[in-house]
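Hi everyone, thanks for coming. I'd like to walk you through one structure today, so please have a look at it while I talk.

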Amino acid sequence: MLGAIVVIAANAGGAWTPIGDVTTTMLWISGQITTFPTMKELLLPSLVSVIVPLALITSFSSEENDLVEPPSSCEGTELAPRGQLVFFTGVACLLFVPVFKSVTGLPPYLGMLAGLGVLWLLTDAIHYGEENRSMLKVPDALARIDTQGILFFLGILMSIGALDEAGLLKDLAIYLDQHIPSQEIIATVIGLVSAVIDNVPLVAATMGMYDLSQYPQDSSLWQFIAYCAGTGGSILIIGSAAGVAFMGMEKADFTWYLKKVSPWALAGYVAGVGALVAQKTLTGDFGVDVLPSVASLSLPF
């Protein structure tokens, strides 16, 4: 059960920063969202989406002893000082990327490559002359990159780009606008669908459906998509990379997660949406109505 809570927390934690999740990074690189408005708007909903399922799981699962963890026979090993230096340098390089983009105006990938260069120099200097520790250097780490995963996402983005060029995504956007006038409801549905379908193609398709001339940078639509696509994957264990990793490492069963965790994760997701709606309503930041009015719906008579 602790692993399931970690899955929910990992997805929620990645939703409120531009570099915390693939989908928010996509929106950030393409200019739909910026760093500080995103952190300000999505911090509270992300916290709500964690706190609500955590409280519900603690309240209802404790009676079934689901929270009791078996004693671990493995003793923790302390990270060596040089390992700590590399770790904190890597974290600093990640945090440097948004600053780099804001200060220089250059693409974020250049800041990431600069951070990679710093780590490369650091690991080479630390392990200079240590032939038996070459696996701790950056070139060895790069050799273990999951190339198939990179090509998978490249294929997805190329397919979405082809659909966009063909005009099909615009037609879909027009159809959704005619039948679901509230963009917030569309974003919420996208989050629910991301529990079954990978959120990367969903967000890429949404970026092709709505352009910045219609919905400017940091508008409520993009903030909703960033939150919903980031946290909706927690509803099912197959809906996020964290859930798939948990399923593989801990041999967690899909049915067990569906029965024990999914209802609480869904409650947290809906509570987070409600918190975001309430927050934007109080600040008057909605660009469109939260709920579609009856008069705006397409009726058959």
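I'll go through the pockets, then one proline, then the nonpolar cores. Please keep in mind that this is a predicted model.

Let's start with the largest pocket, which has a volume of about 580 Å³. It is lined by 26 residues, and the closest to its centre are Val86, Leu119, Thr123, Val138 and Ala141. If you want to find it on the screen, look for helix 4 (81-104), helix 5 (108-126) and helix 6 (138-143), each of which supplies at least two lining residues. Helix 5 gives the most, with 8 residues. And what is the lining of the largest pocket made of, by class? There are 17 nonpolar residues, 5 polar ones and 4 charged ones.

Now the second largest pocket, with about 360 Å³ of space. Here we have 18 lining residues, and Phe153, Asp198, Asn199, Ser240 and Ala241 lie nearest the centre. At least two lining residues come from each of helix 7 (147-165), helix 10 (199-209) and helix 12 (241-250). Helix 12 gives the most to this lining, with 3 residues. By class, the second largest pocket is lined by 10 nonpolar, 6 polar and 2 charged residues.

Let's stay with helix 10 for a moment, as proline 201 is found in it. Is proline 201 buried or exposed? Its relative accessibility is 17%, and the cut-off for buried is under 20%, so proline 201 counts as buried. Looking beyond residues up to four places away in sequence, proline 201 touches Ile156 and Ile160. There is also leucine 157, 44 residues away along the chain, whose C-alpha atom is 6.8 Å from that of proline 201.

On to the cores. The largest nonpolar core has 38 residues, and Leu27, Tyr210 and Trp222 touch the most other members. Several helices each supply at least two residues of this core, among them helix 2 (22-29), helix 7, helix 10 and helix 14 (262-283). Helix 11 gives the most, with 8 residues.

Which residues is tryptophan 222 in contact with, leaving aside neighbours within four places in sequence? The list includes Leu27, Gln32, Ile33, Thr206, Met207 and Tyr210, and also Asp211, Leu212, Tyr215 and Pro216. Finally, there is a second, separate core of 12 residues, which includes Ala4, Val7, Phe246 and Tyr257.

That's my tour, and I'm happy to take questions.

Definitions and conventions
Residues numbered from 1 in each chain as written. Predicted model: local features only at pLDDT ≥ 70, side-chain atom pairs only at ≥ 80, totals over all residues. Heavy atoms only, no water. 1 Å grid on protein atoms, 1.4 Å probe; cavity = no way out; pocket = protein on both sides within 12 Å on 5 of 7 lines; lining within 4 Å. Points joined across faces, edges and corners; volume = space filled by probe spheres on them. Helix = DSSP H or I, 4+ residues; strand = E, 2+ residues; numbered from the N terminus. Nonpolar A, V, L, I, M, F, W, Y, C, P; charged D, E, K, R; others polar. Buried < 20%, exposed > 50% of the residue type's maximum accessible area, 1.4 Å probe, protein only. Contact = heavy atoms within 4.5 Å. Core = buried A, V, L, I, M, F, W, Y, C linked by side-chain atoms within 4.5 Å.
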